[in-house]
Amino acid sequence: MTFLGMPTAPAGVGQLRGDRDFPSAAKDAVQDEQLRRNLGNATATIRAKRARTVQEVPDWEELRQAGAAIKDEVLAHLDTYLQQLEAQVVAAGGTVHWARDANEANAVVTRLVQATGSTEVVKVKSMATQEIGLNEALADAGIAAYETDLAELIVQLDHDKPSHILVPAIHKNRTEIRDVFRREMKGVPADLTDDPAELAEAARNFLRQKFLTARVAVSGINFAVAETGTLCVVESEGNGRMCLTLPETLISVMGIEKVLPTWQDLEVFLQLLPRSSTGERMNPYTSFWTGVTPGDGPQDFHLVLFDNGRTATLADPQGRAALRCIRCSACLNVCPVYERTGGHAYGSVYPGPIGAVLSPQLTGVKENPSLPFASTLCGACLDVCPVAIDIPSMLVHLREQVVQQDPHRLEAAAMTAVAYAMSSQRRWTWALRALRIGRPFARLKRLPGKAGGWTASRDLPTPPQQSFRDWWAER
Amino acid sequence: MRVALFVTCLVDGMFPEVGQATVTLLERLGITVEVPLSQTCCGQMHVNTGYAELAKPLVRSYAKSFQGYDYVVTPSGSCAGAVRHQHPALVPGQQVPPTYELSEFLIDVLGVEDVGASYPHRVTYHPTCHSLRLLRVGDRPLRLLRNVRGIDLVDLPDAHSCCGFGGTFAVKNPDVSAAMLADKVRHVRSTGAEVCSAGDASCLMQIGGGLSRTGTGVRTVHLAEILASTA
Ligand code: SF4
């Protein structure tokens with residue numbers, strides 16, 4: 001599907017679509033008691049931490065508005081900033097590649113790795129490469145990609161999928177992680193316990209080997225500064241820093257919306273991101289690099305810029321603000337739906353509220369028609385979003401597109417009938433009187449069809465003898 | 001001052017006692033309430049399900065029904081939110097009097113926090129998402145409740161978390177909705193309250209359905225009913 005004729009993210013590559021719709025995937029997820037406990041604990045902790053550190057900043061609201069304004073400026077002049085970025089990266093000794101979609105981006109990276117003769121790469125945690133399915137594409141070409149972010153490594157070792165933007169293994173507890181390590185990690189002691197320090201040590205030993213031998217690293221980026229061509233990765237563990245500095249070749253992959261005009265703009269985001277994301281005042285590691293520095297760090301640097309549905313998203317005035325997203329995951333942590341289902345139910349690397357508006361736009365709503373409905377519109381996401389994306393209004397807008405592009409006849413007929421009854425005082429008065437017919441059914445514990453969803457876990461209210469308007473008229 | 005009641009479609013058809021209590025309360029405070037019977041629905045269900053076009057006639061008829069009044073008051077945070085936040089975008093440029101949710105009207109327009117009610121029961125209050133995050137009513141409902149004689153008001157744990165109703169969400173995503181409801185019911189029970197109150201009949205329908213199904217014996221009572229009570 002295209003919006004105004006712009007190509008969307010192609011099917012069959014990457015992770016933007018699930019193989020089931022949201023309600024059916026969510027049904028299984030909410031029945032998993034262990035999953036719900038893991039998620040409930042993890043999101044409650046991070047929610048509280050975020051609330052504390054955000055509340056310390058007196059001008060938080062102004063910062064958010066500044067963040068939104070900078071991103072909107074970038075989106076309005078994306079072509080200019082991207083060309084500036086390219087020119088600066090090239091001037092600093094890097095090479096820039098452009099990819100229309102996931103397939104092209106994967107092909108570029110595969111070719112670049114093959115050119116080095118290496119069959120292994122180490123990876124910095126990155127949403128962009130998950131979105132395009134880079135690891136799978138590299139594997140098809142016989143190249144092994146090793147995730148070096150601890151949570152991402154856990155997911156990779158377990159042949160699982162990430163379920164959270166920041167903490168991809170949020171759905172697993174310590175015991176489950178220990179089991180994955182014992183089963184999948186070579187050289188790990190058989191009596192490994194679930195003590196966090198022991199788990200971290202095991203991962204460190206495993207990863208150190210990779211860092212010392214890898215000749216190629218692949219990263220995403222958090223920000224790209226157009227004025228100097230500088231790229232930035234923000235992280236907690238320092239493993240990203242290892243990847244960004246040790247190997248000879250560095251390939252960074254980014255969606256085209258990630259560019260920022262100036263260093264001064266970065267100041268805003270380096271305040272917004274850590275507090276929103278991990279609830280820290282400042283993240284432990286912030287790495288910057290500009291092209292190639294002779295004798296220091298990777299001597300061969302490539303930047304791969306990809307679209308994969310972003311221009312199509314940009315074309316929709318009511319949907320484009322989703323491209324402001326800095327992937328902090330604050331909206332996931334406060335979302336009452338995400339808290340119950342976890343990330344896998346969304347079928348995309350982008351779960352939660354932002355996923356419900358971004359994935360359908362990148363793929364076209366026709367290929368993700370259930371996601372815009374995966375929300376109660378409670379508004380918690382908008383309150384915490386550091387770039388003030390009005391996700392609830394965007395969800396409503398996308399629902400309208402779903403109804404137009406993927407109509408559900410029975411629902412449309414019901415909606416039309418109700419609107420018809422509501423559009424005349426006389427019809428409405430009679431419709432409300434007719435509700436009385438439902439009185440004997442109110443005790444039913446199981447209604448047929450769609451209404452059965454209600455009675456599965458709730459009782460029905462009993463319709464009254466008399467509507468309010470009839471009472472008022474008699475009064 | 002001409003005040004009209006927007007009773008909302010759900011209260012009109014399913015929970016008339018909430019509308020009656022709102023009338024009783026406002027009249028006790030010396031307000032002459034009028035109910036233009038041409039009113040039907042704010043159109044929120046249609047808009048939020050993706051049928052904005054079908055909602056437009058409802059939005060126009062809302063403006064027509066309430067033309068000429070100084071204030072519209074409604075016992076629903078969600079419907080007040082729809083009128084204030086959705087209507088202007090759907091049908092721009094309509095002349096509509098300001099629409100207030102009940103607690104806003106009492107505190108911001110009438111300037112009363114003690115409405116002279118008495119309600120000798122243990123009550124916990126669910127603040128509802130749209131009152132909190134669309135209207136920003138803050139602690140207005142609690143300020144009103146704290147002034148009720150005889151009430152034993154107890155804090156609801158995780159109060160700000162959604163009850164899982166979400167209009168057609170409850171039908172389209174019944175399992176997630178039920179999981180959210182189960183947590184809300186558990187929190188309500190943990191307070192030992194006899195009554196769970198809220199400023200929205202829709203959320204109360206969801207919470208009440210869960211409380212009744214699980215045999216808790218806890219009743220749901222709308223804010224307007226407590227404030228109207230002089231028992
Ligand atoms: S939408 Fe906002 S809150 Fe959610 S991940 Fe993106 S920036 Fe963070």
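## Terms and model

Helices (H or I, at least four residues) and strands (E, at least two) are DSSP runs, numbered from the N terminus. The model described here is predicted.

## Surroundings of the ligand

Residues of chain A surround the ligand, and they come from several stretches of the sequence as listed here: A:Cys325, A:Ile326, A:Arg327, A:Cys328, A:Ser329, A:Cys331, A:Ile354, A:Cys385, A:Pro386, A:Val387, A:Ile389 and A:Ile391. Sorted by class, this shell holds ten nonpolar residues, one polar residue and one charged residue. Cys counts as nonpolar in this sorting, whereas Arg counts as charged.

## Helices α19 and α20 of chain A

In chain A, helix α19 covers residues 409-422 and helix α20 covers residues 425-434. The two pack at an angle of about 115°, and their axes are 6 Å apart. Angles of 65 to 115 degrees count as roughly perpendicular, so α19(A) and α20(A) are described as roughly perpendicular to each other.

From α19(A), the residues in the contact are A:Tyr420, A:Ala421 and A:Met422. They meet A:Arg427, A:Trp428 and A:Ala431 of α20(A). By class, the residues of this contact are five nonpolar, no polar and one charged.

## A histidine of chain B

B:His46 lies in helix α3 of chain B, which spans residues 44-49. Is this residue buried or exposed? B:His46 has a relative accessible area of 0% and is therefore buried.

Residues up to four places away in sequence aside, B:His46 touches residues of both chains. Its partners in chain A are A:Met415, A:Val418, A:Ala419 and A:Met422. Those in chain B are B:Tyr51, B:Ala52, B:Leu54, B:Ala55 and B:Leu58. One of the chain A partners, A:Met422, also takes part in the contact of α19(A) with α20(A).

## Other residues of chain B

B:Thr74 belongs to strand β3 of chain B, residues 71-74. Its relative accessibility is 0%, so B:Thr74 counts as buried. Which residues does B:Thr74 contact, leaving aside its neighbours within four places in sequence? They are B:Phe6, B:Thr8, B:Ala80, B:Thr99, B:Tyr100, B:Glu101 and B:Leu102.

B:Ser65 is placed in helix α4 of chain B, residues 52-66. This serine counts as buried because its relative accessibility is 9%. With neighbours within four places in sequence left aside, the contacts of B:Ser65 are B:Pro36, B:Ser38 and B:Gln39. B:Ser65 and B:Thr40 are 25 residues apart along the chain, and their C-alpha atoms are separated by 9.1 Å.

## Two residues with positive phi

A:Asn308 is not a glycine, yet its phi is positive, near 50°. A:Asn308 sits in the loop between β10 (300-306) and α13 (310-314) of chain A. At 1% relative accessibility, the residue A:Asn308 counts as buried.

In chain B, a positive phi of about 60° is found at B:Thr128, which is not a glycine either. The loop that holds B:Thr128 runs between β5 (122-125) and α7 (129-134) of chain B. B:Thr128 counts as buried, with a relative accessibility of 2%.

## Other residues of chain A

A:Cys243 is part of helix α11 of chain A, residues 239-245. With 1% relative accessibility, A:Cys243 counts as buried. Apart from neighbours within four places in sequence, A:Cys243 is in contact with A:Val122, A:Lys123, A:Val124, A:Thr148, A:Phe211 and A:Ala217. Between A:Cys243 and A:Ile170 there are 73 residues of separation in sequence and 23 Å in space, C-alpha to C-alpha.

A:Gln31 lies in helix α1 of chain A, residues 22-31. Is A:Gln31 buried or exposed? The relative accessible area of A:Gln31 is 52%, so this residue is exposed, the cut-off for exposed being over 50%. A:Gln31 and A:Arg340 are 309 residues apart in sequence, while the C-alpha to C-alpha distance between them is 9.4 Å.

Methods:
Residues are numbered from 1 along each chain as its sequence is written. Chains are lettered from A and ligands numbered from 1 in the order in which they are written. This is a predicted model: local features need pLDDT of at least 70, side-chain atom pairs count only at pLDDT 80 or more; totals for chains, interfaces and linings use all residues. Side-chain values use heavy atoms; hydrogens and water are left out. A residue is near a molecule or strand if one of its heavy atoms lies within 4 Å of it. Axes are lines fitted to C-alpha atoms, for helices over the stretch in contact, and angles run from 0 to 180 degrees between N-to-C directions. Angles under 35 degrees count as roughly parallel, over 145 as roughly antiparallel, 65 to 115 as roughly perpendicular and the rest as oblique. Contact means heavy atoms within 4.5 Å. Buried means under 20% relative accessible area, exposed over 50%, partly exposed in between (1.4 Å probe, protein chains only).
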